[in-house]
Amino acid sequence: MCYRNPFPTVDLVIELEEGKVVLIRRRNPPHGWALPGGFVDYGESVEEAARREAQEETGLEVELVALLGVYSQPGRDPRFHTQTTVFAARAQGSPRAGDDAGEVAAFPLEELPQPLCFDHTRILEHYRLWRAGQRSAAPVSENEP
């Protein structure tokens, strides 16, 4: 029997000191701007994956601040069914593109580039609401063995 399950992924809304959020321009399809993130490796927690993906794609060491939510609509990724755990994070410094990021930049929430990939417009709207105190988020808790 062959099981078809969603692929676990992580995404991060990384806020820099000046209140801007970090986005990457994807080098691979689907093309466009996106939140930093990627697939969770076998044997890795979602928290570890989020920190690793942030480092690989932006060169930033991040502090995970809150769990914004889990997004799992089957059509959120045009390639296949993914389920993402989204974290709000903070970082300092200047991001630099790495891994599958063709470019990386920080943008004010009111001036986001287009097009945004996946369901990242929705996620960033939820982030805006959370920052304004109009949506709840959960604290990040490390998975203890």
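**How we know: the fold and L68**

This predicted model has a protein chain with two helices and eight strands.

User: What makes a run of residues count as a strand or a helix here, and in what pattern do they come along the sequence?
Analyst: A helix is a DSSP run of H or I with at least four residues, and a strand is a run of E with at least two. Read that way, the protein chain goes β-β-β-β-α-β-β-β-α-β.

User: How do you know whether the radius of gyration agrees with a compact globule?
Analyst: For 145 residues, a compact globule would come out near 15 Å, and the protein chain has 14 Å, so the two agree. As for its extent, the C-alpha trace spans about 50 × 35 × 30 Å along the principal axes.

User: Is L68 called buried or exposed, and why?
Analyst: Buried means under 20% relative accessible area. L68 has 8% relative accessibility, so it counts as buried. Across the protein chain, 46% of the 145 residues get that label.

User: Where does L68 sit, and what is it in contact with?
Analyst: L68 lies in strand 5, which covers residues 63–71. Setting aside neighbours within four places in sequence, L68 is in contact with V13, V86, F87, A88, Y127, W130, R135 and A137.

User: What makes L68 and W130 a contact, and how many residues apart are they in sequence?
Analyst: Contact means heavy atoms within 4.5 Å, and W130 is among the residues L68 is in contact with. The pair is 62 residues apart in sequence, with 8.0 Å from C-alpha to C-alpha.

Methods
Residues numbered from 1 in each chain as written. Predicted model: local features only at pLDDT ≥ 70, side-chain atom pairs only at ≥ 80, totals over all residues. Heavy atoms only, no water. Rg over C-alpha atoms; globule rule 2.2 N^0.38 Å. Buried < 20%, exposed > 50% of the residue type's maximum accessible area, 1.4 Å probe, protein only.
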